[in-house]
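Reader: Could you take me through how to read helix packing and sheet order in a model such as this one?

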Amino acid sequence: MIKFSNVSLVYPHAITTVIENLTLEIAEGELVLVIGPTGSGKSSLLRLVNGLVPHHTGGILAGEITVDGLSTREVKPGGLAHLIGIVGQNPINGFVADTVEEELAFAMEALNLPQEVMRKRVEEALDLMSLAALRSRNIATLSGGEQQRVAIASALVMHPKVLVLDEPTSALDPIAAEEVLSIIHRLVHDLSLTVIIAEHKLERVIGFVDRIVLINGDGSTVIGSAEEIMAISTIAPPIVHLARALGLSDAGLSVRDMRRATAELRESTPITDVTSVVPSSTPAIEIKKLSLAYGSKVALNSLTTTIFDNEIVAVMGRNGAGKSSLLRSIAGINDLQTGTVHIHGLVSKDLHSKVRRETVGYIPQEPSDLLYAQSVEKECEQADKDNQIDSGTTFGLLAQLVPGVSLHTHPRDLSEGQRLGLALSVVLSANPKVLILDEPTRGLDYEAKRSLTRILLEFAKTFNRAVVLATHDVELVAELATRVIFIADGDIVADGPTIDVLLSSPAFAPQVAKVMAPQPWLRVGDVIAAIEKKIL
Amino acid sequence: MKKYSQHPLTWWLWSFAIAISVARVNTPLFAIIAVGVVGLIVFSQREDAPWGKSFNWTLKVALWILAIRTIIGVSIGVPIPGTTLFTLPRIPLPDWMPGIRIGGAVTLERLSSALSEGVTICAIIVIFGAAASLTSPHRLLRVLPIAMYEFGVAVVIATSVLPQLVTSVARIRQAQRLRGQNLRGFASYRRVAIPLLEESLARSLDLAAAMDSRGYGVKRTRTKYRPISWRMSDTAIVLSGILIVGLS
């Protein structure tokens, strides 16, 4: 179906090639996963398929890519619209109509399909993606998961032979992600659709991919089955790390296989007690009767809770449950709220300038919102000046967080992980008493997530600080958080030590916990520690 | 959700007619009345959508333009004799530039002439802002002929990305407030402008790529999923506009 022959890609003014001499043939009905570190060229590879690269982005392409016999060299992306459906990383940026129905019809209208055909196909796609109830809704009012489904549906109405998805679940909560992926799985099996998908959270997709293309970032690529790639790749889901740690490398990639392989280990170990970290008794954040409404929609419903020093609290919940609202209220930038938030005795809403920087550090969903200078150097200098610390301190911090960032780079040219690192070092240079992060792991690869985990743990421990983060990433929560607050519809529905909250719901349980239940182990480290204790 | 009532071209045609008559009559009073009427229509008819807010923004921009124009108008140019309101310090100019002066006496006549010229121009800007506020850019695109492909893409990007930027501005300012930045003066605008510009560029490129890969502009003709019909009320609105032009 898709044929890459000796494909190389170079962007103008770049020093390195994105892809070098890639030869790959994808058969009809195959599900191919593209993995690689952030900024390695996954999106470029996906956009090569329908010719957006290089027709839309520039760049020099060598070799030949054909889709169903059509060469992307000769046909522009529009000419392949009937053949390839492509869903970008942020579907909201690509919507061209107001309502769900009109959005679905857009591409068919452009290709001049008769009205009867359009009617039928729209209905079909609405059913396929369970969108019938939302058909006349305004797209801007849909949740992230619903928008993702609309984007996929509007690709499917064209009856494409190939579907290209760029990180379709990165913004979704675990349940919505599960839903989208199971639909894709069904399409591959029922309609023999060819799917190419890029995804950072391998644990979500690894179970049903046929082949993996691993991009190393230096242009070289490795292609193989999931098992082959997982045997060599450093990018791997927790289950693979667990298998490696236990020496069960050929145990398979699914929770079921791993459970079978580890049955003996689980049963031979007495169920260990849960040892939860005791936080200090100094309250860092006191929230009292916090309510917030946007128009008639209630975002927060009279929340009361206290977060202590030294705690790392993960705020979880569905898309649109009120996580970001809560975080913004803690930071003190929601003007519409009622109720109070005190941070170490100070009202968070009244904080400003230096006192604010030293009291609460906040990393928004788009870390680049905090950045405005023309280079990393200027950004760091500004932070040094603001906080009256020795010049170079902020950059020193950055070099620790993400080594190898050049002083002269423009913040825009940094990878997602590097940009987060820069925003984080700017915020941390003031050494805030409380650190708040809104979905910090969006678009981060495992490596970047690991260093983020390390930094946050260190920060909380060394300075005895409270950290609050909103996230969908259960694996991150398992590694990092000491406490989880679960929000639904503006109410706190669960609040307790990470282990209790995560283990109480199968959808939110991390992979290691799924394999090791009923043992209360969340991380690979927990398993190893338990085994070592047994041997001793 | 409110159902669409008017054809996407209706309000644009009507605004165009009003703008023409404002320019023809060319009195500040008429211009202010026109803005008032347009404002009333916008507040009663617009939807709760990103583009609905463009009216408020053009209003702000227009006021800025009016202020700047008036300041320049009274301080630079040929003096008009009359009642002196106050006197600005005069900057001496070389002899070969007779008749033009910077600073000097500000007369009531001068102020009113600068203001009235400005009001007409600003009224026209606001009237078009109202059209943008009342019409979904996406629907507008669907009725534009496909031959206007490049123009169509530009219109959709300008009208759908720009209003989204209004929300982005709020978000970025909020984030920077958290960085403890003093949000006053020119420097603060630069700090918002840079992330904003980057974001809007990225968004526009995304949108253009999405439209392209969905086959926009491939075929010369274009079918309609739900034909947008031209109704009696549309005719009535456009006729009222033409009537106003005729009377002016």
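Author: Let us begin with angles: axes are lines fitted to C-alpha atoms, for helices over the stretch in contact, and angles run from 0 to 180 degrees between N-to-C directions. Please keep in mind that this is a predicted model.

Reader: At what angle do helix α15 and helix α16 of chain A pack, and how far apart are their axes?

Author: Helix α15 (residues 376-386) and helix α16 (residues 393-401) of chain A pack at about 125°, and their axes are 7 Å apart. Because angles over 145 degrees count as roughly antiparallel and those from 65 to 115 as roughly perpendicular, α15(A) is oblique to α16(A). On the α15(A) side the contact is made by A:C380, A:A383 and A:D384, while α16(A) contributes A:T393, A:T394, A:F395 and A:L398. By class, these are four nonpolar, two polar and one charged residues.

Reader: In what order do the four strands of the open sheet in chain A run?

Author: Strands of a sheet pair through backbone hydrogen bonds, either parallel or antiparallel. Here the order is β2-β1-β4-β5 in chain A, with antiparallel pairing. The edges are held by β2 (19-26) and β5 (70-71) of chain A, each with a single partner strand, so one side of each is left without a neighbour in the sheet. Strand β1 (residues 2-10) of chain A pairs with β2(A) over five bridges, and A:F4 stands opposite A:L24 in β2(A).

Reader: Which helix packs on that sheet?

Author: Helix α1 (residues 42-49) of chain A does, touching β1, β2 and β4 (60-67) of chain A, and its direction makes about 130° with that of β1(A).

Conventions
Residues are numbered from 1 along each chain as its sequence is written. Chains are lettered from A and ligands numbered from 1 in the order in which they are written. This is a predicted model: local features need pLDDT of at least 70, side-chain atom pairs count only at pLDDT 80 or more; totals for chains, interfaces and linings use all residues. Helices (H or I, at least four residues) and strands (E, at least two) are DSSP runs, numbered from the N terminus. Angles under 35 degrees count as roughly parallel, over 145 as roughly antiparallel, 65 to 115 as roughly perpendicular and the rest as oblique. Two residues are in contact if their C-beta atoms, placed from the backbone, lie within 7 Å. Ala, Val, Leu, Ile, Met, Phe, Trp, Tyr, Cys and Pro count as nonpolar, Asp, Glu, Lys and Arg as charged, and the others, Gly among them, as polar. Two strands pair if DSSP finds at least two bridges between them.
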